Amino acid sequence: MKIAVIGTGGVGRTLAAALTGAGHDVVIGTRNTDTTLSNTDSDAFGNPPYSQWQRDHDNIALVTFAQAGAFAEVVVNATNGANSLAALEAVGADNLSGKVLLDVALPLDLSQGMPPTLTVANTDSLAEQIQRAFPAAKVVKALNSVAFPLMVDPSRIPGEHDLFVAGDDEDAKATVRSLLGGFGWPAGSVIDLGGITGARGAEMYSRLYFTLAGALDTFDFNIHVVRA
C-alpha cells in the first residue's frame, strides 16, 4: 500500500519506519524539503536532525506535502495538532479526496506546561475539524492514546492493553485496523468508539495520560478496558 506520513518529528519517523518494515511503500511529507534537510538542530523533544535520520532510512523519500498526498492511498497525519489543518491544506483537498486519513495528532496546548490542556474539547475534536475541512476524506482517529514507540510495538507493555478507533467510514476503519495489526496490535485490543465524534473521548484522554506520565515518571504505559 502507498502511504504518506505527514510530519517529520518522532511520531512521523517512527510510523514511517514501521510501515516500511511492514512492506508498505512510504514517503514522508514536509512543507519544504530543503529546509527540513538543512536543519542541524535536534527538535524540542531531543530527536536528532531529520537529515541524520534520513541517512539511516534512505528508502523513505522526503517530499512536499502536496507530493505526498498525490502519491498516497492512505495519509497519516502525524503533525503537531496545532498545525494539522494548515499542513493538510498544503497536502490539498483533491489529494485527500476519497482516501483514508489516519489522524494520530493531538491538539495540545503546552503554554502552561505539563500536563497540557487541549485547544479543542468536549463538543468538538481535532479529528472532527479535519473531517469538516476535508469532507471527501475518510478520517479515522487512532493511536493518539499511546507514546509513539508503543504505537508500533505493543509488546513493549506486557499483558493485554487497548487502543481506540473512531470514524464515520467502516471500510476506512477496517483499513486502519489492518495497519494496526501489522504493528502487532491484536484485533481484540482495538476498541471501536463509533463515529468521528468518538474522537472527542480519545483526544480528551490525553489529560489523564499526561498526568499519569508525570505520576509514573514514564510514557511507557497503556490502559486496558476490563469488561464483564
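**Exercise 1.** Work out which residues of H5 meet which residues of H7, and how the two helices cross.

*Solution.*
Step 1: Start with the contact, meaning heavy atoms within 4.5 Å. On the H5 side you'll find Ser84, Leu85 and Leu88, and they meet Leu126, Gln129, Ile130 and Ala133 of H7.

Step 2: Sort them by class. Five are nonpolar, two are polar and none is charged.

Step 3: Now the geometry. The axes of H5 (residues 84-91) and H7 (residues 126-133) come within 10 Å and cross at roughly 30°. That makes H5 roughly parallel to H7, a label for angles under 35 degrees.

A word on the model: it is predicted, so local features need pLDDT of at least 70 and side-chain atom pairs count only at pLDDT 80 or more, while totals for chains, interfaces and linings use all residues. Residues are numbered from 1 along each chain as its sequence is written, and side-chain values use heavy atoms, leaving out hydrogens and water.

**Exercise 2.** Describe the ring pair of Tyr209 and Phe219, and say whether each residue is buried or partly exposed.

*Solution.*
Step 1: Rings of Phe, Tyr and Trp (its six-membered ring) pair if their centres lie within 6.5 Å; planes under 30 degrees apart are stacked, over 60 edge-to-face, and the rest tilted. Here the centres are 5.9 Å apart and the planes at 40°, so the pair is tilted.

Step 2: Locate them. Tyr209 is in helix H10 and Phe219 in the segment after H10, 10 residues apart.

Step 3: Check burial (buried is under 20% relative accessible area, exposed over 50%, partly exposed in between; 1.4 Å probe, protein chains only). Tyr209 is buried at 6%, whereas Phe219 is partly exposed at 39%.

Notes. Helices (H or I, at least four residues) and strands (E, at least two) are DSSP runs, numbered from the N terminus. Axes are lines fitted to C-alpha atoms, for helices over the stretch in contact, and angles run from 0 to 180 degrees between N-to-C directions. Angles under 35 degrees count as roughly parallel, over 145 as roughly antiparallel, 65 to 115 as roughly perpendicular and the rest as oblique. Ala, Val, Leu, Ile, Met, Phe, Trp, Tyr, Cys and Pro count as nonpolar, Asp, Glu, Lys and Arg as charged, and the others, Gly among them, as polar.
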